[in-house]
Amino acid sequence: MKIIVKKDYEQVSQAALEIMLDIIKNKPNAALGLATGSTPIRLYELMQEDHLKNHTSYKNIESYNLDEYYGLSDDNPQSYYYFMWHHLFNKLDIDKKNIHVPSGEGNIEDVTKHYNELLQQHPRDIQLLGLGSNGHIGFNEPGTSFQSTTHYIALKQSTIEDNAKLFFNGDISAVPTHAITMGIQEIMDAKKVLLLACGERKAKAVKGLIEGEVTEELPASILQKHQDAIIIVDEAAASLL
Ligand code: GLP
């Protein structure tokens, strides 16, 4: 694992932009594994700015998102599909048919089977990740098998509380209790993994991820075993290292 500590959120986002652009420019049909949450928002803004200014092309880029809340349709403003359009895709020249987010609706078996097959057929050149304060990646909560593929999962109460900030008025009762998430095995299958974490609230999970034992109790710790994982954190998130 390569660990990079930057001063603040802005610098973390700038460093992440360089890595993303390096892939997108060198491989115009790259498959990007993308993430939601508040952490990648600035990176996505920078990707939009770069596209408008430098015309970096996304015409043949494919995207595969990590997860989706179960029970929310694509057009629900709180869904991750909507989030991705709002924060990234709406200003890029990406082809809608190349955008993939697991469905938050329909028969769970069908949805997970479909996404597993899709991921198997389309290896990701890079997987972007945020970090849950309990060490989750995607929505793979502590205790999830390292061999997991796309599955349906019950969110921990702490995750529901953390994520309420992205809901209208921080309304915790609006946060779905379940989600569909790419599995840990599928995250590890990406050629490169780029994890971003900022703020003091992530410090404990960052310490476990970098210095702790590799354990399913801290899902992100599996990245210690990835051949090309880059962890970029700000000083606050690195404060316990
Ligand atoms: C959610 C997402 C994760 C994300 C996490 C952290 O749980 N499913 O992919 O990493 O939130 O969110 P934030 O970046 O807002 O701290």
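**Note on the predicted model: ligand shell, annotated sites and core**

1. By class, the shell around the ligand is made up of four nonpolar, nine polar and one charged residues. Here Ala, Val, Leu, Ile, Met, Phe, Trp, Tyr, Cys and Pro count as nonpolar, Asp, Glu, Lys and Arg as charged, and the others, Gly among them, as polar. The shell holds 14 residues, and the closest are Gly37, Ser38, Thr39, Gly130 and Phe139.

2. Residues are numbered from 1 along each chain as its sequence is written.

3. On the annotation: UniProt, in an unreviewed entry, places the feature "domain: Glucosamine/galactosamine-6-phosphate isomerase" at residues 10-229. UniProt positions are in the numbering used here, feature names are shortened, and annotations may be inferred rather than shown by experiment. Over residues 10-229 the chain is 34% helix and 15% strand, with the end C-alpha atoms 21 Å apart. Helices (H or I, at least four residues) and strands (E, at least two) are DSSP runs, numbered from the N terminus.

4. On the active site: the unreviewed UniProt entry places the feature "active site" at Asp67, Asn134, His136 and Glu141. Asp67 is in strand 4 (residues 67-69). It is buried, because 24 other C-beta atoms lie within 10 Å. The cut-offs are 20 or more other C-beta atoms within 10 Å of its own for a buried residue and 12 or fewer for an exposed one, with partly exposed in between; C-beta atoms are placed from the backbone. Not counting residues up to four places away in sequence, Asp67 touches Tyr80, Pro102, Gly138, Phe139, Ala179, Ile180, Thr181 and Met182. Contact requires that the two C-beta atoms, placed from the backbone, lie within 7 Å.

5. His136, also in the "active site" feature from UniProt, lies in the loop between strand 6 (126-129) and strand 7 (151-154). His136 counts as buried because it has 27 C-beta neighbours inside 10 Å. Leaving out residues up to four places away in sequence, His136 touches Glu141, Pro142, Thr159 and Pro219. Glu141 is itself one of the positions that UniProt lists under "active site".

6. On the core: the largest nonpolar core has 62 residues, of which Leu195, Ala220 and Val233 touch the most other members. Strand 9 (residues 192-197) gives the most to this core, with five residues. A nonpolar core is a set of buried Ala, Val, Leu, Ile, Met, Phe, Trp, Tyr and Cys residues joined through C-beta atoms within 7 Å. Val233 touches Val5, Val12, Ala197, Cys198, Val206 and Ala238, not counting residues up to four places away in sequence. In soluble globular proteins, nonpolar side chains tend to be buried together.

7. On helix 3 (residues 80-87): Tyr80, Tyr81, Phe83 and Met84 are buried. Seen down the axis of helix 3, the buried residues fall within an arc of 160 degrees, so they line one face of the helix. The arc is that of the directions from the helix axis to the C-beta atoms. These buried residues pack against strand 2 (31-34), strand 3 (62-65) and strand 4.

8. Leu128 counts as buried, with 26 C-beta neighbours inside 10 Å, and Gln127 is buried, with 28 other C-beta atoms within 10 Å. Leu128 and Gly33 are 95 residues apart along the chain, yet their C-alpha atoms are separated by 5.8 Å. Beyond four places in sequence, Leu128 touches Gly33, Leu34, Ala35, Pro40 and Leu194. With the same exclusion, Gln127 is in contact with Gly33, Ile187, Ala190 and Val193.

9. On backbone angles: most residues other than glycine have a negative phi. His55 has a positive phi, near 60 degrees, and is found in the loop between helix 2 (41-54) and strand 3. Asn169 has a positive phi of about 55 degrees and lies in the loop between helix 5 (157-163) and strand 8 (178-181). His55 counts as exposed, with 8 C-beta neighbours inside 10 Å; Asn169 is exposed, with 7 other C-beta atoms within 10 Å.

Conventions:
Predicted model: local features only at pLDDT ≥ 70, side-chain atom pairs only at ≥ 80, totals over all residues. Near = placed C-beta within 6 Å.
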